[in-house]
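Reader: I have not looked at this one before. Could you walk me through it?

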Amino acid sequence: MHHPAPDCAGTVHVVDDDETIRGTLASLFRSMGLQVRDFASAEGFLEAGRAAGPSCLVLDVRLRGESGLSLLQSLPAQPDGPIPVVMMTGHGDVSMTVRAMKAGARDFLEKPFRDQDMIDAVMDALRADERRRAADRLLEEQRACWATLTPREKEVLGHVAAGRLNKQIAGEIGTSEITVKIHRGQGMRKMRSRSVAELVLKMQALGVIAPTA
Amino acid sequence: MRHASLLPSALVASIVHEIGQPLSAVETAASAAVRWLQRPHPDLDEALAMLAQTALSARRARRIIQGLRAMARQGEPEFSPVDVDDALREAVTLAGAGLAEQGAHLEVRASAPPCFVHGDRVQIQQVAINLLTNGAEAMGHLPGDARRLGIAWGASACGRSVEVVVEDRGTGIAPENAAHVLEPFFTTKSSGMGMGLAICRSIVDAHGGSLAFQPGATAGTRVTVRLPRLGGPLCASGRPQQGA
């Protein structure tokens with residue numbers, strides 16, 4: 001085997017109005033064990049929406065109807081999160097490349113492209129989408145944990161994250177040090193944090209405290 | 001030497017695009033075929049489909065090369081005074097057999113006063129033949145007696161240019177294609193190379209003329225070619241009037 005088997009599964013959405021390009025790319029990706037959905041127009045893709053699970057979009061810059069570039073620019077508004085995009089162009093003008101990268105394309109390939117470059121770009125995009133999805137899941141879990149905290153526990157953890165000692169916190173909120181200790185222990189357990197550093201990172205990710213400057 | 005002017009950048013972009021598409025498909029399809037065959041259980045049907053695509057795309061690239069050759073053969077025009085009436089009557093005769101084969105009925109209207117242009121006789125004839133052939137092809141779906149094609153020529157109203165009008169009753173030009181009909185390799189025909197109108201345009205440009213498309217009177221397309229008239233009352237190009 002010249003090419004290693006893909007180390008991650010997923011769906012490749014192919015949007016190109018050239019039937020031959022679309023068909024050959026679809027076959028290439030299927031031969032790698034990936035799922036493929038192909039569309040002749042940007043509208044077709046938007047209507048169908050993206051597949052469940054990790055996925056990416058291989059998109060031609062110039063399409064009849066809505067252009068590939070304007071599709072790319074409208075993508076961040078999609079409800080199911082940003083999909084990594086590999087742009088293709090047959091024209092390869094520099095200004096188009098710059099605009100596509102600014103609009104969030106992950107990769108930009110000029111036709112004719114090397115098949116290995118396309119494969120690398122798609123695998124990289126699928127891995128990036130998988131990482132983003134994992135990060136999203138983690139954040140969702142942490143949000144659920146945060147929601148189980150009582151207002152008092154949240155208040156105490158805010159002080160803990162700010163680096164205050166139990167004694168200082170007790171003075172601040174007008175309670176005994178032992179009570180602070182209990183709230184603190186409960187909060188740390190509910191947030192599944194074994195250290196203050198871990199807690200601070202999670203609270204920053206949740207946006208309940210400001211990120212460290 | 002002006003190498004830069006040999007190939008206009010728009011044409012280079014078209015060539016890059018038109019050859020890039022099938023070449024991409026060739027490489028992708030060949031790679032896919034190899035992968036289907038290298039699987040633990042090779043999928044012959046998938047591999048064969050991709051090999052067929054490889055051949056098709058290579059053929060598409062070859063047609064583009066042929067189109068470029070046709071354009072290169074055109075060469076530099078050789079200018080001399082051309083009797084438009086005489087040249088176009090000959091062009092109509094030359095196109096006649098092909099048009100009859102396509103079942104098109106040709107109606108010729110020529111104005112009485114002789115018109116001359118400073119141009120390349122063969123290239124002007126080529127423009128007329130290309131336009132007539134296009135017109136006939138646009139009517140292929142019509143019943144035999146509806147395939148009516150017209151060509152007319154004569155001095156323009158102001159007398160400064162010579163107009164050649166070719167009108168068909170065919171499908172017409174879809175609005176979304178109007179901006180592209182003169183681009184090299186643009187075609188809506190399954191067998192076309194998309195070079196006909198691009199060649200017409202480059203010839204008309206070289207003659208200092210213009211090419212315009214309008215919807216026909218009843219249906220179809222009306223193409224008007226305007227060339228500066230030689231010996232007209234006011235020569236628009238300011239070229240000294242030459243005897244015919």
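**Hairpin, sheet and cores**

Author: Start in chain B: in the hairpin of β6(B) and β7(B), with 5 residues between the strands, Gly220(B) has a positive phi near 75°. This is a predicted model, where local features need pLDDT of at least 70, side-chain atom pairs count only at pLDDT 80 or more, and totals for chains, interfaces and linings use all residues. Residues are numbered from 1 along each chain as its sequence is written, chains are lettered from A and ligands numbered from 1 in the order in which they are written, and side-chain values use heavy atoms, with hydrogens and water left out.

Reader: How many bridges join β6 and β7 of chain B?

Author: 6 bridges join β6 (residues 210–215) to β7 (residues 221–230) of chain B, and the two run antiparallel. Strands are DSSP runs of E, at least two residues, and helices are runs of H or I, at least four, numbered from the N terminus. Two strands pair if DSSP finds at least two bridges between them. Phe213(B) has Val223(B) as its bridge partner in β7(B).

Reader: Switching to chain A, what is the strand order in the open sheet?

Author: The order is β2-β1-β3-β4-β5 (chain A), 5 strands with parallel pairing. β2 (35–39) and β5 (107–110) of chain A are at the edges with a single partner strand each, so one side of each has no neighbour in the sheet.

Reader: Which helix lies across β1, β3, β4 and β5 of chain A?

Author: That is α5 (residues 115–147) of chain A, at about 140° to β3(A). Angles run from 0 to 180 degrees between N-to-C directions, with axes fitted to C-alpha atoms, for helices over the stretch in contact. Contact means heavy atoms within 4.5 Å.

Reader: Back to the inside. Which residues touch the most other members of the largest nonpolar core?

Author: Leu131(B), Leu132(B), Leu149(B), Ile151(B) and Val225(B), out of 37 residues in that core. α3(B) gives the most to this core, with 7 residues. A nonpolar core is a set of buried Ala, Val, Leu, Ile, Met, Phe, Trp, Tyr and Cys residues joined through side-chain atoms within 4.5 Å; buried means under 20% relative accessible area, with a 1.4 Å probe and protein chains only.

Reader: And what lies apart from it?

Author: Another core, of 30 residues, including Val14(A), Leu25(A), Met118(A) and Ala29(B).

Reader: How many residues of chain B are there, and what share counts as buried?

Author: Chain B has 244 residues, and 41% of them count as buried.

Terms used. Buried < 20%, exposed > 50% of the residue type's maximum accessible area, 1.4 Å probe, protein only.
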